[in-house]
Amino acid sequence: METPCPLSAKYEGSFAYYTVKDRLSQILTKVIDTIHRNKNKFLEAHGEEGIEAEKKALSFFSKLRNEMQTDKPILPLTDQQPDTQIWNQYLDYQRTLLSDGEEPSWFTSPWLYVECYLYRRIHEGLLLSPPISEFDVFRDVKNESFFQSQPAMLSLCAHLQELKGKMNRLSKDEVRGEIYKLLQVSLWGNKCDLSISGGQDNSQKSSILSSLEDYKAFILVDDMNSLWNILSKNRDGNTESRTRVDIVLDNAGFELITDFVLADAMLSLNLATEVHFHGKVMPWYVSDTTKHDFDWTVRQCLAINNRWMSKCGQAWKENLKKERWVYHEHLFWTLPHEYCTMAEVAPDLYTELQKSDLVLFKGDLNYRKLTGDRKWDFTVPFSQALRSFHPAPLCSIRTLKADVQVGLEAGVGERLAATEIDWLTSGKYGVIQFSPVV
Ligand code: F6P
Ligand code: MG
């Protein structure tokens, strides 16, 4: 099969069309409201200069919303950041795909590109409005969502501590059962993103652990056995051997806690010796994890008045100090590129991932970038849709929130489509989908 074309808002009625038309405007309107609401904060911190910056940012974002809503051409970035040129070169590349006289635009270009571009333009709007350039417009909603999910987090942390208390008495099968549980928790934690909900509260209200059996029917691809084959090698092998797992993070809040719990369990159960996390260098898709969110979350857990959660916080701080947990940043994760171009665009990152025994890609956006956000047939093998992207054995852990899905058994996609019109985008279904190095 030839590589199919990318999803785009040019297909009227598609999820991409609806996203660009409604959801992205909604998000931008929330950004405008947030800036406005923080006026006094800017005044207190920076005096009149803060107010001037607020006005500048507001006018930038209103103009941006108008550009998007009226399908104006995509404009080059005007800031001076390490990624500015890469973005502008990508715009040039998009031009080469069009006929003479046509310009890339919000409703005609690939959805993945324009959606990423929106977040980069939000960043640009703030960068060009000093002294409020560092302001994270999504921080309040991220923090709120963290606090809203606290009961679910507490029960998860209690579960982890209980597991750690009995880990020496567990048989190999029991260890496998436990890690499968936490992989599923991390999967369903991906329901809680604030981009699909247009910035509205989407936090986890109840404990996921007790619902895992009921949710199993919604896992369309379950490759947990392949993950176990890699992870159990460390446990079986000699104590000198090292197993590195990388987690390409998605959302802060409840999902990040599920990832921390999984990462902690992998170390504690001797399935991995080091876990490397990859986060975003700028606020991204509303709820994605930045370095600030990562550190803030560990600090919150530590400080909380709950012994299970603060115990987790202590262990996680210790893991970071001892470098059993390592946090990485790379600007490639906030570029619009499909991952099959990583080796060329960000060879250093590709080389870093090659050091891993297993790379876990969390969330929907990562899946879109892994597969190029294209109109693949549902039955195309995952490793084929990855094209040349095979740095290490990898696995996508993702709930379906965009209409791209590969690697299904024949007939599954058609059967679901016949009964549930939004099965690809509702977040009800999930995959734990593995690809070896091919
Ligand atoms: O807004 C589009 C989108 O990419 C959806 O496909 C998805 O719902 C969301 O943004 C990001 O999801 P995730 O946080 O799982 O990457
Ligand atoms: Mg996200």
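From which domains does the lining of the second largest pocket draw at least three residues each? The answer is domain 1 (15-127) and domain 2 (139-435), with bounds that come from an automatic or database domain assignment.

## Basis of the report

This is a predicted model, in which local features need pLDDT of at least 70 and side-chain atom pairs count only at pLDDT 80 or more, while totals for chains, interfaces and linings use all residues. Residues are numbered from 1 along each chain as its sequence is written, chains are lettered from A and ligands numbered from 1 in the order in which they are written, and side-chain values use heavy atoms, with hydrogens and water left out.

## The chain

The chain contains 18 helices and 7 strands. These are DSSP runs numbered from the N terminus: helices are H or I with at least four residues, strands E with at least two. The C-alpha trace spans about 65 × 55 × 45 Å along its principal axes.

The radius of gyration of the chain is 22 Å, which agrees with the value near 22 Å for a compact globule of 438 residues. That radius is taken over C-alpha atoms, and the globule rule is 2.2 Å times the number of residues to the power 0.38. Of the 438 residues, 58% are buried (under 20% relative accessible area, with a 1.4 Å probe and protein chains only).

## The largest pocket

The largest pocket holds about 530 Å³ of space. Its lining has 27 residues, and Y90, Y93, Q94, L97 and P110 are the closest to the centre. Two or more lining residues come from each of α4 (84-96), α5 (111-127) and α14 (342-345); α4 gives the most, with 5 residues.

A pocket here is an open set of points on a 1 Å grid over the protein atoms alone, where a 1.4 Å probe fits, with protein on both sides within 12 Å along at least five of seven lines; lining residues have an atom within 4 Å of a point. Grid points are joined across faces, edges and corners, and a volume is the space filled by probe spheres set on the points.

## The second largest pocket

The second largest pocket has a volume of about 370 Å³. It is lined by 21 residues, and H123, E134, V281, M282 and P283 lie nearest its centre. The elements giving two or more residues to this lining are α5 and α12 (291-303). The largest share, 4 residues, is from α5.

Conventions. Buried < 20%, exposed > 50% of the residue type's maximum accessible area, 1.4 Å probe, protein only.
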